[in-house]
Amino acid sequence: MARPQPSGDQLAAVRAGDEDALADLVDAWLPVVLAWCKRLGGPTVDAHDATQDILMLVMDKVDRVYSPEQFRPWLFGVTRRVLARHRRGAWVKRWVGDLFGRDTPDEANDPLRQAELSDTARRVHRALDRLPDAHREVLVLCDLEHRTDEEVAALLAVPVGTVKSRLRRDRAAFRSTATRMGLGPAVAAIEGGA
Amino acid sequence: MTDDPRDRAMLDQLAQLARETASTGDEVAAIRRGLSRRVPDGRVSRALLRHLPPVDAQELAVVRARVDDAVEAQRRTWLVRLGLAGGLGGLALAATAVVAVGAWLVAAPVDAPLALAVTAPGPIAAAPGVALVADGTGEIGGTARAPRIAWTGGRLDVEVDPGKGIALSVVTREATVEVIGTVFSVDRSALGTTVAVTRGKVHVACAAGADHTLTAGDAATCVPTTGTPAAASSGLLGRANLLKKSGAPAAEVLTAVEAGLPLATGPFRSELLALDAEMLHAVGRSREARDAADRYLADPGGSRRAEVLAVAAAAAIATDGCPAAMRYLSALEELGAGDPALLERCEDER
């Protein structure tokens, strides 16, 4: 997957108020943020809504970011915080209802899109959702998005060694959760035969 | 990467989730549109204001005071307006509610355009007076008063409220189903489109030519066709083979075969003749089976020669006894596929 790379010039232009540069930056990172929202947000979060919220924040606060190296972990941090807020909101909505419902139907809430995942993908999604946030992040960034340990370490602002040890732990945690949920007879068979 | 086989299985499943949650062009476009609606116009102003020279503090205070006065004046005006509007609004609301309830009770469905893709199983409220339960895929178009459903596969249960003037049609590749006020189902698979009526009356026009008017308890199947005779016959050959493979009754296979034979030429005709002979013999029409076998065997190049010779021999024995089967049995012997014992028995009877 081609990953966008913000340049120092682009960030400088954005800080300078160049609306085109800002729009280019948002366009380049929109697919990445959307994929993060789908994979890290879980089935209860509206990924489109969360993506819009994140990018609104990016547009508002990106002038605080001065270097490309700083941008990606900053963006991931914003994504993480917005997703946490959406997950809390989804929990509240489940019990209290949507007190501030939209007046107009939003194509992002199209129920048909929720049903487009295959049965396996939907169950894997639920199994991932049951993991704690910290477990889920490394697994998604390493094993779904195939980022290198160094990339993930930069995103999470942790040492590379920490990423490796978290990945081993997170894979074990996911396997355990997935097996309890009845996922992957192949996984269960291997476990039994191992 | 990992050497642990448990991890590899898990990674395959995660890879599937990754594929299915990758961002699509449509989603990206939808989010861009959503963002463009949410970004306030003032964003442009704020970006520009950063580059203006610093404002004199006294001037700024004067401007702020004027803005505050204007805002307060506007607020007072709005309070008065709200008060008046509240009173009038209450009266209007009550009147509107009475009219709306009355209109709803007698209204025919608004003829709004419909555009909905069906990709997941479950009930669909497509339009007032139309209840659908889908277990397949298709697209709902047309209007609320004349829904038109293009159904590509699976089952669709339809209920249309009678007496509301709703003209619903369901179109598949094989059939057009038109209905006014009834309950029916449409099931499309590789075997064709089957329409079954629970209540009311339904007209079914099959692309292969047959038309049916079905009432409660009736069902009809339109066989696959893609329009040209050659394509239609190949589709019917496919249907016949599929039916045979799935263990369908010979009579049903025969129906597909005989529908395709008049349209077929070349290898399709040859294959259909072979199946025709086999199925005719299976349903006890052995004389016709032998005729079909003879037509097949007239072409020396058939790839199912041995099979058809065996059917012809069995059919000949059933109708006219062993001597009639001799020529088929001898031909089988020449192909190395004969039954020497049967051949000897028939020779003795001659």
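# Briefing on chains A and B

B:Cys206 is buried, with a relative accessible area of 10%, where buried stands for under 20% relative accessible area, exposed for over 50% and partly exposed for values in between, calculated with a 1.4 Å probe on protein chains only. The model is predicted, so local features need pLDDT of at least 70 and side-chain atom pairs count only at pLDDT 80 or more, whereas totals for chains, interfaces and linings use all residues, and side-chain values use heavy atoms, with hydrogens and water left out. Residues are numbered from 1 along each chain as its sequence is written, while chains are lettered from A and ligands numbered from 1 in the order in which they are written.

**The two chains**

- Chain A has 10 helices and zero strands, where helices (H or I, at least four residues) and strands (E, at least two) are DSSP runs numbered from the N terminus.
- Along the sequence, the elements of chain A follow the pattern α-α-α-α-α-α-α-α-α-α.
- Chain B, in turn, comes to 11 helices and 11 strands.
- Among the 194 residues of chain A, 46% count as buried, and for the 350 residues of chain B the figure is 35%.
- In chain A, 68% of the contacts with a separation of 6 or more come from residues 24 or more positions apart, and in chain B residues 24 or more positions apart account for 40% of such contacts; contact here means heavy atoms within 4.5 Å.
- The accessible surface of chain A is about 9500 Å², with 54% belonging to carbon and sulfur atoms, and that of chain B is about 19600 Å², with 59% belonging to these atoms; the areas come from the Shrake-Rupley method with a 1.4 Å probe, and for residues only the protein chains shown count as cover.

**Cysteines and the disulfide**

- A disulfide is a covalent bond between the sulfur atoms of two cysteines, and the criterion applied is a pair of cysteine sulfur atoms within 2.5 Å.
- A search of the whole structure finds one disulfide over all chains, formed by B:Cys206 and B:Cys222 with their sulfur atoms 2.0 Å apart.
- This pair links distant parts of the chain, since B:Cys206 belongs to strand E9 (residues 201-206) of chain B and B:Cys222 to strand E11 (residues 219-222) of chain B, 16 residues apart.
- The disulfide is left-handed because the torsion about the S-S bond of B:Cys206 and B:Cys222 is about -70°.
- B:Cys222 is buried, with a relative accessible area of 0%.
- In chain A, A:Cys37 is buried at a relative accessible area of 0%, and A:Cys142 is buried at 7%.

**Helices H6 and H7 of chain B**

- Two packed helices are described by the angle between their axes and the distance between the axes.
- Helix H6 (residues 250-260) and helix H7 (residues 266-282) of chain B pack at an angle of about 145°, with their axes 9 Å apart; the axes are lines fitted to C-alpha atoms, for helices over the stretch in contact, and angles run from 0 to 180 degrees between N-to-C directions.
- The crossing of H6(B) and H7(B) is left-handed, a term for a near helix turned anticlockwise from the far one by less than a right angle, with clockwise giving a right-handed crossing.
- H6(B) contributes B:Ala250, B:Val253, B:Leu254, B:Val257, B:Glu258 and B:Gly260 to the contact, and H7(B) contributes B:Leu272, B:Leu275, B:Asp276, B:Met279, B:Leu280 and B:Ala282.
- By class, this contact has nine nonpolar, one polar and two charged residues, with Ala, Val, Leu, Ile, Met, Phe, Trp, Tyr, Cys and Pro counted as nonpolar, Asp, Glu, Lys and Arg as charged, and the others, Gly among them, as polar.
- B:Ala264, in the loop between H6 and H7 of chain B, is buried with a relative accessible area of 6%.
- The C-alpha atoms of B:Ala264 and B:Leu236 are 9.5 Å apart, although 28 residues separate the two along the chain.

**B:Ser169 and its contacts**

- B:Ser169 lies in strand E5 (residues 168-171) of chain B and is buried, with a relative accessible area of 10%.
- Not counting residues up to four places away in sequence, B:Ser169 touches B:Pro147, B:Arg148, B:Ile149, B:Val177 and B:Glu178.
- B:Ser169 and B:Pro147 are 22 residues apart along the chain, and their C-alpha atoms are separated by 6.4 Å.

**Positive phi angles in chain A**

- A:His146, which is not a glycine, has a positive phi of about 55°; A:His146 is found in the loop between helix H7 (133-144) and helix H8 (149-156) of chain A, and is exposed with a relative accessible area of 58%.
- A:Ala157, also a residue other than glycine, has a positive phi near 60°; A:Ala157 lies in the loop between H8 and helix H9 (160-180) of chain A, and counts as exposed at 65% relative accessibility.
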